[in-house]
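Morning, everyone. Let me put the model up and walk you through it.

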Amino acid sequence: MKISHVHIYQYDLPVVGASYKMSHSELTALDTTLVEIVTDSGISGFGETCPVGPVYAPAHAPGARAALGEIAPRVIGLDALCIDLVAARMDQSLAGHSYAKAAIDIALWDIAGKASGRRVCDLLGGAQRERVPSYYAVNVGAPDEVVRMVRQKQDEGFTRLQLKVGGRDVEQDIEVVRKVFEVIRPDVRLALDANRSLTTRDAIQLSRACADLTLVLEQPCATYDEIKSIKPLLCHPVYLDESTVDLNLTMRSIYDGVADGFGMKVTRLGGLSVMRTVREICRATNRPMSCDDSWGGDIIAAACVHMGATIAPQLSEGVWIADPYIDGNYDAENGISITDGWIDVPAGPGLGITPDKSQWALQASFG
Ligand code: 0XW
Ligand code: MG
């Protein structure tokens with residue numbers, strides 16, 4: 001089953017309702033890149049990569065398409081089912097750019113599923129459950145607005161919430177967190193996600209001011225070394241997100257005693273193949289992990305849900321998808337959505353998504 005063509009598409013995803021506000025950025029629309037890999041058997045697979053704006057991480061939408069334009073011609077003719085060989089050719093073609101390579105990796109897993117009649121989760125080791133918990137990320141905001149959203153989301157059935165913090169005086173974050181704990185239910189877990197924005201001073205201050213509260217600090221500071229330097233001074237477990245750019249740092253952060261868990265993103269690591277390895281590292285070291293991505297529609301959402309379903313429930317910190325912020329689905333019939341805080345695993349085969357490409361703008365074709 002040879003790769004005969006690679007098509008690269010662009011599509012705009014306006015944020016439904018208010019903007020999406022994190023410590024460093026406020027977004028009203030996202031630019032996603034979709035990849036379609038066609039094989040000589042007629043089976044095709046889809047992948048997606050959608051950075052959450054240009055400052056969240058060293059990744060941006062035009063860069064994804066430029067990287068894919070460099071890679072795509074060099075994978076034509078390869079066996080689509082030899083996913084690791086295609087990954088090796090991608091690395092020989094372009095260094096780094098995991099967030100772009102991930103779209104090809106995901107498309108190949110979609111093809112493998114369609115070729116075998118199996119769901120991607122079953123190819124990745126098997127679904128531990130047929131519904132996975134999601135979690136909701138609450139925007140940076142005023143105390144009353146954040147509390148209102150926390151009440152609403154736990155009423156909807158979310159069992160885990162992430163409060164976005166940072167980008168302001170730490171005293172404001174402390175006030176918000178303490179107000180939230182007046183209303184949060186005992187069965188709802190909470191993470192504070194600063195998205196790299198806190199100084200070490202403010203991270204320590206925030207943790208100590210909330211020492212009596214049960215929560216996790218996610219990616220408080222910009223760099224791994226900053227977080228490592230303050231870890232002994234914190235009162236809460238630390239989850240790494242943006243810092244975990246590859247397997248090496250994932251393993252190092254565990255053995256350094258820095259990472260108590262992870263907010264993991266499929267595309268940051270390069271796709272489902274590497275994410276499967278991260279899952280096994282977390283299983284071997286008893287580290288909880290989420291299975292998310294930065295943004296995107298049904299295709300990246302399906303990839304996250306399929307992988308998330310294979311994570312042992314006791315280590316799962318849920319699957320974040322952008323569905324609540326997106327108007328509509330690529331697949332009107334089998335699109336991925338959150339119901340009562342949970343997501344059904346697609347029926348498959350492959351990712352289980354048959355996208356309507358008619359609104360996508362073709363950027364380049366190879367083969
Ligand atoms: C909440 N997310 C998974 C979605 C946004 O891309 C940011 C990200 C995070 O946890 O940093
Ligand atoms: Mg995060």
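Arg-252 counts as partly exposed because its relative accessibility is 36%. On the terms: buried means under 20% relative accessible area, exposed means over 50%, and partly exposed is in between, with a 1.4 Å probe and protein chains only. Keep in mind that this is a predicted model, where local features need pLDDT of at least 70, side-chain atom pairs count only at pLDDT 80 or more, and totals for chains, interfaces and linings use all residues. Residues are numbered from 1 along each chain as its sequence is written, chains are lettered from A and ligands numbered from 1 in the order in which they are written, and side-chain values use heavy atoms, with hydrogens and water left out.

Back to Arg-252. What does Arg-252 form with Asp-225? A salt bridge, with the closest N and O atoms 3.5 Å apart. A salt bridge here is a side-chain nitrogen of Lys or Arg within 4 Å of a carboxyl oxygen of Asp or Glu. This pair links distant parts of the chain. Asp-225 sits in helix α8 (residues 224-230), Arg-252 in helix α9 (residues 247-255), and 27 residues separate them. Helices (H or I, at least four residues) and strands (E, at least two) are DSSP runs, numbered from the N terminus.

Arg-252 also meets Asp-256 in a salt bridge, 3.4 Å from N to O. Asp-256 is partly exposed, because its relative accessibility is 33%. In total, the structure holds 25 salt bridges.

Another one: Arg-279 with Glu-280, where the closest N and O atoms are 2.9 Å apart. Are these two buried or exposed, or in between? Arg-279 is buried, with a relative accessible area of 11%. Glu-280 is partly exposed, at 27%. As for networks, salt bridges that share partners join Asp-225, Lys-228, Arg-252 and Asp-256 into one.

Stay with Arg-279 for a moment. Arg-279 belongs to helix α11 (residues 272-285). Its side chain makes a polar contact with the side chain of Thr-310, at 2.8 Å. A polar contact is a pair of N or O atoms within 3.5 Å; within protein, one must be able to donate a hydrogen and the other to accept it, and residues adjacent in sequence count only if both atoms are side-chain atoms. Beyond four places in sequence, the contacts of Arg-279 are Leu-124, Met-289, Met-307, Thr-310 and Ile-311. Contact means heavy atoms within 4.5 Å.

Now the metal. Which residues coordinate the magnesium ion (ligand 2)? Asp-193 (OD), Glu-218 (OE) and Asp-241 (OD), at 1.9 to 2.3 Å. Donors are N, O and S atoms within 2.8 Å of the metal (3.2 Å for Na, K and Ca); water is not among the atoms, so sites may look incomplete. Along the chain, the donors follow the spacing D-x24-E-x22-D. Asp-193 lies in strand β9 (residues 189-193) and Glu-218 in strand β10 (residues 216-218), so the pair ties together parts 25 residues apart in sequence. Asp-193 is buried, at 1% relative accessible area. Glu-218 is buried too, at 1%.

Seven strands form an open sheet in the order β7-β8-β9-β10-β11-β12-β13, with parallel pairing. Its edge strands are β7 (136-138) and β13 (289-292), and each pairs on one side only. Neighbouring strands are turned by 25° against each other on average, direction ignored. Axes for that angle are lines fitted to C-alpha atoms, for helices over the stretch in contact, and angles run from 0 to 180 degrees between N-to-C directions. Two strands pair if DSSP finds at least two bridges between them. Take β11 (residues 238-240) and β12 (residues 261-265): two bridges join them, and they run parallel. Tyr-239 stands opposite Gly-261 in β12.

Last residue. Arg-160 is in strand β8 (residues 160-164). Arg-160 is buried, because its relative accessibility is 3%. Where does the side chain of Arg-160 reach? To the backbone oxygen of Glu-317, at 3.1 Å.
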